Amino acid sequence: MERYAFFSDTSDNFVTPMQPTAYDLVTIRLRTARDAVDRVTMISSMGSFPMEIIEQDLLFDYYAVEIQMDNEMVKYYFEAYDAEKVIRYDTRGILQQEVDEHYWFKLIPGFRTPDWAKGAIMYQIYVDRFYNGDPSNDVEDREYYYIGDYSVHVDDWYKYPAQMGIREFYGGDLQGVLDKMDYLEDLGVEVLYFNPLFVSPSNHKYDIQDYDNIDPHFGKIVEEKGELLKEGQCNNSEASKYINRITNPANLKASNELFAKVIAEAHKRGMKVILDGVFNHCGSFNKWMDRERIYEQAEGYEKGAYIDEKSPYRKYFKFHDENQWPYNGTYEGWWNHDTLPKLNYEDSRELYDYILRIGQKWVSAPYYADGWRLDVAADLGHSPEVNHKFWEDFRKAVRQANPDALILAEHYGSAEKWLLGKEWDTVMNYDSFMEPLTWFLTGMQKHSDDFREDMLNNASAFWCAMIFYGAEFAMPSLMTTMNELSNHDHSRFLTRTNRKVGRSNTLGPAAADEGVDFSVMREAVLIQMTWYGAPTIYYGEEAGLCGFTDPDNRRTYPWGRENKELIAFYKAMIALRKSCHELKRGSFLKLGEDYGFISYGRFTRKMQSAVLVNNTEREIEKEVDMSLLGTPLNAVVERKIMTTTDGYTEAKEKYTLCEGKLTMKLPPHSAVMLRYQKG
């Protein structure tokens, strides 16, 4: 008990205020076992500070120190002393090894993330595949030509996506989202995150044509005219129906108004809305480039940089050959893709300011979106200096327009240098959530490209990754990290449970549904909903949707074919998370590990929950010490939910702790949450 009673973190349970401003007085606390040590010192980047006991209870001593912040990040750890030894404590716990600054606690003055995003339940919608609420705006066959073929309207909602299916459209739209708002509210969703919505030729829309307007194929087409391309006709300057749909001011205005209605409806139901910002590159169809000559003759549009050397957008891009106009195709593409022209912030202040205005526009009236997810955010610009300067300016601009907007980046690897309070708020949490959890529960790589027996059930590797990468986050970032099991770039988690290595082009899409293990899926969901951060559901995941990696992970939501038991489990876990304050804002403590077994606690002074997970094929018996969470030694705790291979149960069972401990038998592939609430 004495050794494991040490605890501190940077949540508001142990730091006040949790999000200090520059020059604030901040109180930092450390918990030890009662009468276990003689004195405690906080060792920090500002110097050493002796701590004093401010409170004792039956189990613990609480030490505190008050420090005066300056305007720089403070990093610190603790040293405790008794007559025989020195005990050092950082984010890893009590140190068995040398002090390493990577694991020190950190406070960043002035760094605040929106409270609504801390621990919120997010739901990611890939709009074309969610629900078709307005067939009149569907993309039609041969509406335009893109990457070697015509656009395709898919009539069978349940058809598997084609391997090169970026031109395939199933008809999902914003009216479909409005039509399913009751479903989303009933599920318990608190935040909607939309994949890109702006005018674009693909169904994924990461190749944006027009940042100022919602795509009418997702919005509304109120003025229809023009012709489809004829068979053999490949010149998009002749795609008059498409050109009218996406350049006609009436269609653009109606689509933007519909999006404002979607946000207003979400807000009415207590939901926030996050947009996808693709600012590293645009698309070859983009009005600034106009490789497809869509805007060349359209009324009210300037000539694109591909069309004319004197285009006002000429400096928005880098061209390798200055002697190719008109129709200069020598521009720089992101990763050499000529369909994805890279934006040139270094040479165009106009572009720089334009994107800052776009950042402000959609979080302002009349739309009032609540934040941005930033696509490939580390790639923006041609140098680290420009990248960091742009994101610093972007943050200032967006927060000026909406002080409570969230700025969340897509990033693989360490994002620490962007998360210092001046650029991003947080990231999509691959390194300290999706990947370690996937390896532990399934042994699979997140694209289903590899299976590793040595990673399956490897609790030590799981905790090492979670702790190492989690240490990079200050608490405002950690509480808002987007914790996903799946998304539009990786195989769906339920498919990973079948341990099939491959993709739809090697195994066939039907293989993604074969041999999946719903008990492992429920384990993952229970962990996701009890972990710190913002648990994020990829549309259809809750209904049992499977799929290998892109494009198979972009199947349509299975309306009419849902796994209703899995949806009910999601609803139960979401409701449980929302009713337990400690699951959103509580401290986090590792309680145990073994082969195929992990346990951890979430706690405040009044509420404590413990989670135990058995991912093995056999029953195991494990002891959990809830007194480490502050639960009284002889308390009665309640089982809130349990999942096994047979399903799940919310039937309440009560257990009496013995000296703070409880021994439980855990069936194969099971997970359980126990809870105590004072009073």
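Here is a short tour, starting with the whole chain and then moving to single strands, helices and residues.

Keep in mind that this is a predicted model, where local features need pLDDT of at least 70, side-chain atom pairs count only at pLDDT 80 or more, and totals for chains, interfaces and linings use all residues. Residues are numbered from 1 along each chain as its sequence is written, and side-chain values use heavy atoms, with hydrogens and water left out.

**The whole chain**

- The protein chain has 14 helices and 32 strands; helices (H or I, at least four residues) and strands (E, at least two) are DSSP runs, numbered from the N terminus.
- For 679 residues, a compact globule would have a radius of gyration near 26 Å, and the protein chain agrees with that at 27 Å. That radius is taken over C-alpha atoms, and the globule rule is 2.2 Å times the number of residues to the power 0.38.
- Along its principal axes, the C-alpha trace spans about 85 × 55 × 45 Å.
- Of the 679 residues, 64% count as buried. Buried means under 20% relative accessible area, exposed means over 50%, and partly exposed is in between (1.4 Å probe, protein chains only).
- Take the contacts between residues at least 6 apart in sequence: 70% of them join residues at least 24 apart. A contact here means heavy atoms within 4.5 Å.

- Strands of a sheet pair through backbone hydrogen bonds, either parallel or antiparallel. In this briefing, two strands pair if DSSP finds at least two bridges between them.
- On one hand, β5 runs antiparallel to strand β2 (residues 25-33), with 9 bridges joining them. Ala 33 stands opposite Phe 60 in that pairing.
- β5 also runs antiparallel to strand β4 (residues 47-56), this time with 4 bridges. There, Gln 56 has Asp 61 as its bridge partner.
- β4 and β5 form a hairpin, with 3 residues between them.

- Ala 22 is in the loop between β1 (15-16) and β2, and its 27% relative accessibility makes it partly exposed.
- Ala 22 and Met 69 are 47 residues apart in sequence, but their C-alpha atoms are 6.1 Å apart in space.
- Leaving out residues up to four places away in sequence, Ala 22 touches Asp 70, Asn 71, Pro 109 and Gly 110.
- Val 37 is in the loop between β2 and β3 (39-44). Its relative accessible area is 10%, so Val 37 is buried.
- Beyond its neighbours within four places in sequence, Val 37 is in contact with Phe 6, Thr 32, Tyr 63, Ala 80, Tyr 81 and Asp 82.

**A parallel sheet and a helix**

- An open sheet is formed by 8 strands with parallel pairing, in the order β21-β20-β19-β18-β15-β10-β23-β22. The edges are β21 (426-427) and β22 (482-484), each with a single partner strand, so one side of each has no neighbour in the sheet.
- Strands β19 (residues 371-374) and β20 (residues 406-409) pair in the parallel sense over 4 bridges, and Trp 372 stands opposite Ile 407 in β20.
- Helix α6 (residues 384-401) has 18 residues and reaches 26 Å from first C-alpha to last, close to the 26 Å expected at 1.5 Å a residue. That expected span is 1.5 Å times one less than the number of residues.
- Which elements do the buried residues of α6 pack against? They pack against α5 (349-361), β19 and β20, and among these buried residues are Phe 390, Trp 391 and Phe 394.

**Rings and charges**

- The whole structure has 65 aromatic pairs. Rings of Phe, Tyr and Trp (its six-membered ring) pair if their centres lie within 6.5 Å; planes under 30 degrees apart count as stacked, over 60 as edge-to-face and the rest as tilted.
- Tyr 123 and Phe 130 have ring centres 6.2 Å apart and planes at 70°, so the pair is edge-to-face. Tyr 123 is buried at 0% relative accessibility, and Phe 130 is buried at 0% too.
- Lys 205 lies over the face of Phe 218, at 4.9 Å from the ring centre, and Arg 561 lies over the face of Tyr 158, at 3.5 Å. The test is that NZ of Lys or CZ of Arg is within 6 Å of the ring centre and within 35 degrees of the ring normal.
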